[in-house]
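Reader: I have just opened this one and have never seen it before. Could you walk me through it?

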Amino acid sequence: MEKKLSIETRINHSDYVPPAGFRSYAEPMYRGSTVLFKNLKELRERSWMSREGYSYGLHGTPTTFTLEAQLAEIEGGNHTLLTPSGLSAISVVDLGLLKTGDDVLIPDDAYRPNQDMGHWLASQFGISVRFYDPMVGAGIANLIQENTKLIWTEVPGSITMEVPDLPAISQVAHEKGVLVALDNTWSAGLVYDGFAHGADIIVHALTKYQGGSSDLLMGAVIVREKALFERIGLAYQRLGIGVNADDVARVLRSLPTMKLRFEHSGASSLVVADWLQTRPEIDRILHPAYPDCTGHEFFKRDFTGTGGLFSFLFKEQYTGEQIDRFIESLELFGLGFSWGGTHSLAVPYAISNKRIGWHFPHRHVVRLYIGMEDTKDLIADLEQALQKL
Ligand SMILES: Cc1ncc(COP(=O)(O)O)c(C=O)c1O
């Protein structure tokens, strides 16, 4: 570029090209809304759905394509869409696959905002939404109607942790031509093979273990079939949802240590749960790896390891007020939503008396996420809080 251009122009049009051949373990990070084309032919032939090239920042950069490929690799899928949160991964699946007059089935222990999305689909879009007992198994056959297009599953369910028989649900669904979507966030895709157990679509809240530090929000939809990718992808493109390059780079940085963090969290959760089980105040541990947890037999059959998120129930004599006091007395456990980071968290939940398939007398559930702290310190914290009951 000729030096007669003014400084304002020159600093905007630098012609410096760094030398080729730089290698590092860190993934390079590309930011960009505008994507530059070499010529008009390239501009006119761009395709917003293609992963073979670039068209616009919203539709992908080398950074987002790299994370998409790594997530597909973990799940054994072929196509990934990155969304701004786990919840948007759920809603884009609904919007891509359902239309007015269709019917969708959602388990009654699904992540609450997934259920809320169902209510919204029913009230605003004329889609029939029905909630089912997560332990229905092959009995899902009795719920499938002519217009049923999608069955949501979550393994295990949020808060109450039931482990459903996904292979049984999927087999019946596929015989009847119905798609199965799985929220596989609990396992991070590491210890539960969603596609092998029959899911057609897998969603993740990358906000959890993939992000790993409670400092970002992101989600993913992963599929094997190109046709499904295109159907969900159209809704994704039309909604204009994309992800922030800095957050994608953070997830790429966390991913190599995810398995170690996940295993540590899972192993520590068993130590804490084992201790809780010995306490006279506690009725049962709702941890998929524990026999007391509904669907434990499917956990034993289908999982290859455990995550660190679980719940427990106090004995019936303890009131909601006492349980709140226990929670507020915790000093190391943070009080807040989400999980999968380095810090342990505790949240109390009240189970609605409309909940389908809840067989326990107590309706006050405490959910714990076990982070990276020493379990001795976490147990001491739980012990001092139990004394305040
Ligand atoms: C099972 C499950 N799915 C989805 C989500 C939604 O993720 P996000 O918070 O990124 O929207 C969560 C969040 O807690 C979750 O627990």
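This is a predicted model: local features need pLDDT of at least 70, side-chain atom pairs count only at pLDDT 80 or more; totals for chains, interfaces and linings use all residues.

Reader: Okay, sheets. In what order do the strands of the seven-stranded one run?

Author: The order is E1-E7-E6-E5-E4-E2-E3, in an open sheet whose pairing is mixed. Strand E1 (79-83) and strand E3 (128-132) stand at the edges, and because each has a single partner strand, one side of each is left without a neighbour in the sheet. From one strand to the next, the twist averages 20°.

Reader: And how does E1 pair with E7, in the parallel or the antiparallel sense?

Author: E1 and strand E7, which covers residues 219-223, pair in the antiparallel sense over five bridges. If you want a place to look, Thr80 stands opposite Ile222 in E7.

Reader: Which strands does helix H3 touch?

Author: Helix H3 (residues 62-75) packs on the sheet and touches E1, strand E6 (201-205) and E7, with its direction at about 120° to that of E1. Helix H5 (residues 112-125) also packs on the sheet, where it touches strand E2 (103-107), E3 and strand E4 (148-154), and its direction makes about 150° with that of E3.

Reader: What about the other sheet, which strands are in it?

Author: That open sheet has four strands, in the order E8-E9-E11-E10, and the pairing is antiparallel. Its edges are strand E8 (282-286) and strand E10 (345-350), each with a single partner strand, so one side of each lacks a neighbour in the sheet. Neighbouring strands of this sheet are turned by 25° against each other on average, direction ignored. Within it, strand E9 (residues 309-314) and strand E11 (residues 364-369) pair over five bridges, and Ser311 stands opposite Arg367 in E11. Helix H10 (residues 320-329) packs on this sheet, touching E9, E10 and E11, and its direction makes about 15° with that of E11.

Reader: Switching topic: how many residues surround the ligand?

Author: There are 14 residues around the ligand, and the closest are Gly86, Leu87, Asp183, Thr207 and Lys208.

Reader: Which atoms of Gly86 and Asp183 come up to it?

Author: For Gly86, a backbone N or O atom lies 2.7 Å from an oxygen atom of the ligand. For Asp183, a polar side-chain atom lies 2.7 Å from a nitrogen atom of the ligand. The ligand has 390 Å² of accessible area on its own, and the protein covers 91% of that.

Reader: Now the helix pair. At what angle do H8 and H11 pack?

Author: Helix H8 (residues 245-277) and helix H11 (residues 375-387) pack at an angle of about 30°, with their axes 10 Å apart, and H8 passes H11 in a right-handed crossing. Among the residues that meet there are Val271, Val272 and Trp275 in H8, and Ile379 and Leu382 in H11.

Definitions and conventions. Residues are numbered from 1 along each chain as its sequence is written. Side-chain values use heavy atoms; hydrogens and water are left out. Two strands pair if DSSP finds at least two bridges between them. Helices (H or I, at least four residues) and strands (E, at least two) are DSSP runs, numbered from the N terminus. Axes are lines fitted to C-alpha atoms, for helices over the stretch in contact, and angles run from 0 to 180 degrees between N-to-C directions. Contact means heavy atoms within 4.5 Å. A residue is near a molecule or strand if one of its heavy atoms lies within 4 Å of it. A polar contact is a pair of N or O atoms within 3.5 Å; within protein, one must be able to donate a hydrogen and the other to accept it, and residues adjacent in sequence count only if both atoms are side-chain atoms. Accessible areas come from the Shrake-Rupley method with a 1.4 Å probe; for residues, only the protein chains shown count as cover. A crossing is left-handed if the near helix is turned anticlockwise from the far one by less than a right angle, and right-handed if clockwise.
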